[in-house]
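Open the structure in your viewer and keep the selection tool at hand. This tour goes stop by stop.

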Amino acid sequence: MLARRSFLQSCGLAVAALLGSGAIFRSERLLAWAGAAGGPEDPEVPNEEVARILKNLFGNRPIRKGHVSLDMPAVAEDGRVVPVIIESDLPMRPDQHVKGVHLIVDHNPDPHLAAFHLTPALGSVSISTRIKMKRTTWVRAIVETSTGEVWADYARVLVTLNGCG
Amino acid sequence: MSAGIGEARIRVPDRISRGDVILVNAIISHPMDTGFFRTAEGNPIPAYFISTVVVTYGAEEIARFDWTSGISRDPVVSFTLRADKEGPLTMVWTDNKGGTFKQSVNIAFTAA
């Protein structure tokens, strides 16, 4: 995994071919990773609650797309168990690190699903877990650095079985 | 089922050298009830979920996770750790009813 990470940092897209069965999905993610800073492809904020969550977490700072990879299935057949992988190529050094990773599921009953508070001791940002999803929605993985930058990646997940009741 | 609540495991690689960035995998048995469901008899099932996870390495708190009931039943989480010292890696999971569950694994380096 770590070999892969440094490779990602050094040459980006070319690694997709090495990733076997996940190659197509991964290459899309990598394109997003390398993509432009924010813009028209970013999902719109869908409601007041998500707007408030973003405002409380990040104030008026721009949330730019990049430096984060949110890996989720395009289709989640069982909304009770949906795998999530969040990675970032941002440094984890004492002078500069990712201090928070926020997972926001727009149309869940409690959209701010998880916050991961990190320190440089982790050495890298690579977090995985499994979540519940109520219905088809955008998912936001947003990281905040110790220097105040905010970076994000987004995934739209089609949910066929409600996992939230 | 409920007898197992709080049973936790942490997995790290068998062989670790100083300075490696290793993958840590953890799982805990917990129902993670959202509070939105009812029993077959129609009684509401109250929210019951892990709300905080604290990770310490040696004496240092290195990570803290704030969770909601949106994390799936029997929560799994993996993250990386820069293994720069020998000592215990400890995780404490706390649920919204005040239950706390602790598990540790010793980080030790393989002789070269």
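**A hairpin in chain B**

Select E6(B) and strand E7 (residues 100–107) of chain B: the two pair in the antiparallel sense over 8 bridges. Keep in mind that this is a predicted model. Now pick Gly87(B), and look across to Ile107(B) in E7(B), which stands opposite. Move to the turn. E6(B) and E7(B) form a hairpin, with 4 residues between them. Click Gly98(B) in that turn: its phi is positive, about 90 degrees.

**The other partner of E6(B)**

E3(B) runs antiparallel to strand E6 (residues 87–95) of chain B, and 7 bridges join them. Which residue of E6(B) stands opposite Val53(B)? Select Trp93(B) to see the answer.

**Where the chains meet**

Show both chains. Here 25 residues of chain B are in contact with 28 residues of chain A. On the side of chain B that touches chain A, strands E2 (21–28), E4 (60–67) and E5 (76–82) each supply at least two residues. Colour that side by residue class: 15 of its residues are nonpolar, 6 polar and 4 charged.

Next, select strand E7 (residues 125–131) of chain A together with E5(B). These two pair in the antiparallel sense over 2 bridges. Zoom in on Thr129(A), with Val77(B) of E5(B) opposite.

**Last stop: confidence in chain A**

Colour chain A by pLDDT. The mean is 83, and 75% of the residues of chain A reach 70 or more. Then select residues 1–38 of chain A, where the pLDDT is below 50. Beyond near neighbours in sequence, this stretch has 34 contacts in the model.

Technical notes:
Residues are numbered from 1 along each chain as its sequence is written. Chains are lettered from A and ligands numbered from 1 in the order in which they are written. This is a predicted model: local features need pLDDT of at least 70, side-chain atom pairs count only at pLDDT 80 or more; totals for chains, interfaces and linings use all residues. pLDDT is the predictor's confidence in each residue, from 0 to 100. Two residues are in contact if their C-beta atoms, placed from the backbone, lie within 7 Å. Ala, Val, Leu, Ile, Met, Phe, Trp, Tyr, Cys and Pro count as nonpolar, Asp, Glu, Lys and Arg as charged, and the others, Gly among them, as polar. Two strands pair if DSSP finds at least two bridges between them.
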